[in-house]
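This report looks at salt bridges and at the parts of the chain they connect. The structure comes before the details.

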Amino acid sequence: MADDDLFSVSTAIGEPDAADHCTPPQYSLPSPPYPTTSIPFTFFGETPTTTDSTSPPQPPNAPETTNTESAGIQWSATPIKHQPNSSLVAPPTGKERNLDLIGRAGMGPRWCEMPVDVFLSKVRGELPTEEERKLFKGADLSGVKLEKDIYPILTTTIHSVFTAAHAQRVRVLETPTRRADDGHRTRTDTLNDAGIYLNIAEAVKVTTIKEQKKKSRRKGARKDAKKSTGEDAEKTTDGDAEKTTDGDAQKTTDGDAEKTTGGDADANAAEPSHVGLRSWHWVAVPIEVKHNHEHAAFRFIKAPSAAGSDTQKEPSAKASSSAGPSNTSSKKHFIRNTINNQEGLGQFVEYMMNVFDNQHRIFSYAIYVWDYMARLCFFDRGGGVISEEFSWTTPDSPLHDFVWKVAHMSEAQLGYDTTVQRVSNDDSVSDDDKKAVDEFKGMTNNSNVHEMIRSFVEDATREGQPIYKVHIIPMAAPPDEGFPDDPFPKPPPADESSSAPSPTPSPSTPPSPSPPPAPLKPRSFLIGKPYFSSHSLIGRCTRGYIAYDVHGKRLCFLKDYWRPYVPNRTRPEHLVYERMARCGVEGIPTLICGGDVGGTRAQMTQIQDLLYHLGHALPVPRSHYRMATVEIGLPLESFTNFKQLALVFADAVFAHFQAWTKAKVLHRDISIGNILIDPTKLMGLLIDWDLCRLECELESGPTEPDRTGTFQFRSALAACFPRKPYRLSDDIESFIHAFHYLVLKYHPIEQNGLRQLVESMYESHSFVQGIKVGDESKLRFFLNSLPPFNVCANDVLQSILNDLHKGCYESYRDVDVDEMRTLYRVSDPGVAEEPRPLSVDVPVNTARTERLLAAFKQSDNAPTSTSTNRRRTTRSTTKADATASATPTDRLSGFLSNHGPLLEVLTSYEYEEGLDDKKDNQFEVRAKENPLPVPYRPVNYHIGSLSTPSTENDLHPVLGHRRLGTPSSLRSFSSFSQSSDIVGPIPGDKRPFDDGDAINLSFPGSEDVNPPPDEPPRAEKRKR
């Protein structure tokens, strides 16, 4: 399903005027709300409160009135950046997949940097006293040669703070080499370097290494250290860049309590309390360590040279934690623009995604370390905030202050969802919960449960996987998120003739008061490992669970995601299911309950308040939401043959028809993931109605182009013209694309080049003005009377495909593509503008022209007639004329105009003999036909160019969003004045290239770019 900011508030770029494409609608969506007065959040992760007062809108370039406390504080934010395309045929993995996580739909536009003292002020807790600080240990990194040498020094430093704080809830572990037995032990599962872990019995049991294994590990590590020559990513020979000699900055001499303990790496490694097994289920604060600056995700200040050259000096600890930002980092991007740094950023984002995927978190802190420098991080489902870099080697560093606060935090203050309770292997669990857990796990042996669903339960409750108890509070429609046509359906008028007369109350009998409404009781469910996860750090972040309904004592399906909140434009998904149930719609899941976690908008994202992307859509606030349904469907790709698949599609089309005709609801996200097979009835279920719209809302056009539906299955018109209003025909056509895709995947075809065919039909696109626009491959297929492919040796299936293509061809035959381009085309202004006449035209030689024409007419090859007027006429169809036409050109007729013809084609399979015609995955079987694969070569997407610092004078009010209020109502956005698609310098831009921006003429993605001015060439490094 789509997982983008569907309801992001659009800016002028790519947004058409209402008169361009639609007639006055019966209902119209209201404009997005203007910002209320500042809704401050004093601390990270606190629940926002709303106010009733409003403020008038302000122009984007209005100067910001600021408090004197915030004067001079600088902020940095990142605007939209496109991600590489994710292919249905060969999904990216490893480092290629990490680039998706930091692309346009990922974390690329969602970073913000702030001064470290401001960051610490928003972390809950008190700072240590001077007496308590004397118990902290510093660090000496003078003997560090490899990255792994830093691990014991860092963990010892953090452990000293925990010891001084008498921490009971957390402990620090070094976990770079071993994985816990928690379901993440494959070779492809990542290992972070260290982390602060929960110090509870179950977590300690999972993450502790047995003593004999620990001894063998230390012995092997010492042996490897002697033999190893090191890798480029782990060490360099550049003494100036890799180690420091500044004794004042690297060690302290103020008493025994402040002496460093990091000089002897082997001694630190021998401490058993600091070495453990990595477990994504139990890490509270991930820690990432880098020794090579070229592989660090963020920019860090280089160490001073031994000779005292004029390279950048390391700031003192006091300067690092001062009120103002460091002078060095504020002038450059805080994300460096090199390929290696880009991969390091993707690795770090993957670690944070693993934390959110495997735990129930509202937010999470993290620590990023490069040698003696560090940054503090905060993440929620809206993005990430990082502090400016600082030195952590002295006991008065911001790292020690942060760790001190972490030592005193509760699980809620660490970001854990308090509505979720661990109920497995815990002595404090009640007998009723233990019984429910046994019943949940016992479903794996229940013969009344479908075999495949039993396997789902077994995977969700396997050994090492925590079992959680979650609650859903049934939620009524919020006042600002209801339906515009409520009540629907309208109640029938009362029949006075048939109604019995009500008894007349006695004057002496007082009227009985109406009973108060019954309170909504939370409903409890047990869940384990997610059955499905969107594997995203930001956005909806949908997770699906095979759950156990404690009250109903049955299995069910629980959907957990972060829904967007825009008043009068969004609505909770369960309200749509309630509406369709009232209207008698069949073929949809049966709703149990749904609501925002903890109450209406009780858990909201915060980071969007710090992100303002000039010229791009604003991220919307998101509310944590859960919904439970009775049915547990099987994946659509588990169909047995194409006869069954066609009939399942027919069920889904009929459910779509009923929702449209009875409930006036259009789905808008038809895909292979949103059609399931009911294992008991073997019928189709149409799910995921969170992107739906009412019929009365469609004419307002898309809230934001390129945000509706799953791109691969969009209609040809919706993909090519994302600004056009969404129609019923678009959903009907999406059913056909989904069916075609499964035929291509599971049935041999006669054509060669399967991968090229699939990619051209479903993947090919470009980005224009920040909008994802499909090319015209789908459109060309439907404008051709011949089907795009033929299946091998299956006349029945080929007949179905021919009928589907014939119907689409007849519907598209009457489409005026030129008029569609005039109305809805998305193009760059410079490309779309018509040529202007020359100021001084070339004089026309009339005599020469007449002589040439006369000679041509007298020749033997002259045609019988020639045109006497060769001047071109202007185009007769203008945008205004096309708009004024009576019937919108995007309304298709014929086959795609209603559900009937598609249902007839799909149900015709009912009368045919079923065949064993589902084959193996053809994308894998025919992979050998593809061209020789090109070895993975990283491409520089210039993520660092998104982090241009901005000063407070650049801050604009965030339209429709809350503002950061404490201290002094600070807000942040990027100071970019040009499109984020421009990654190089624009004409007239005198700024020097940043790291990795040097032009390379060999091929895209080469690592051998010219080095930045502050680093010596690599060849010189190797010589050293």
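## A salt-bridge network

In this predicted model, a network of salt bridges links Asp480, Glu481, Arg563, Asp596 and Arg601. In total, the structure holds 29 salt bridges.

## Glu481 and Arg601

Glu481 also forms a salt bridge with Arg601, at 3.0 Å from N to O. Arg601 lies in the loop between strand E16 (591-596) and strand E17 (622-629) and Glu481 in the loop between E11 and E12, so this pair ties together parts that are 120 residues apart in sequence. Like Glu481, Arg601 is buried.

## Glu637 and Lys745

Another salt bridge joins the side chains of Glu637 and Lys745, with an N to O distance of 3.0 Å. This pair links distant parts of the chain, 108 residues apart. Glu637 is in the loop between strand E18 (634-635) and helix H16 (642-662), and Lys745 is in helix H18 (residues 728-746).

Are these two residues buried or exposed? Glu637 has a relative accessibility of 24%, so it counts as partly exposed. Lys745 has a relative accessible area of 12% and is therefore buried, the cut-off for buried being under 20%.

Conventions: Residues are numbered from 1 along each chain as its sequence is written. This is a predicted model: local features need pLDDT of at least 70, side-chain atom pairs count only at pLDDT 80 or more; totals for chains, interfaces and linings use all residues. Side-chain values use heavy atoms; hydrogens and water are left out. A salt bridge is a side-chain nitrogen of Lys or Arg within 4 Å of a carboxyl oxygen of Asp or Glu. Helices (H or I, at least four residues) and strands (E, at least two) are DSSP runs, numbered from the N terminus. Buried means under 20% relative accessible area, exposed over 50%, partly exposed in between (1.4 Å probe, protein chains only).
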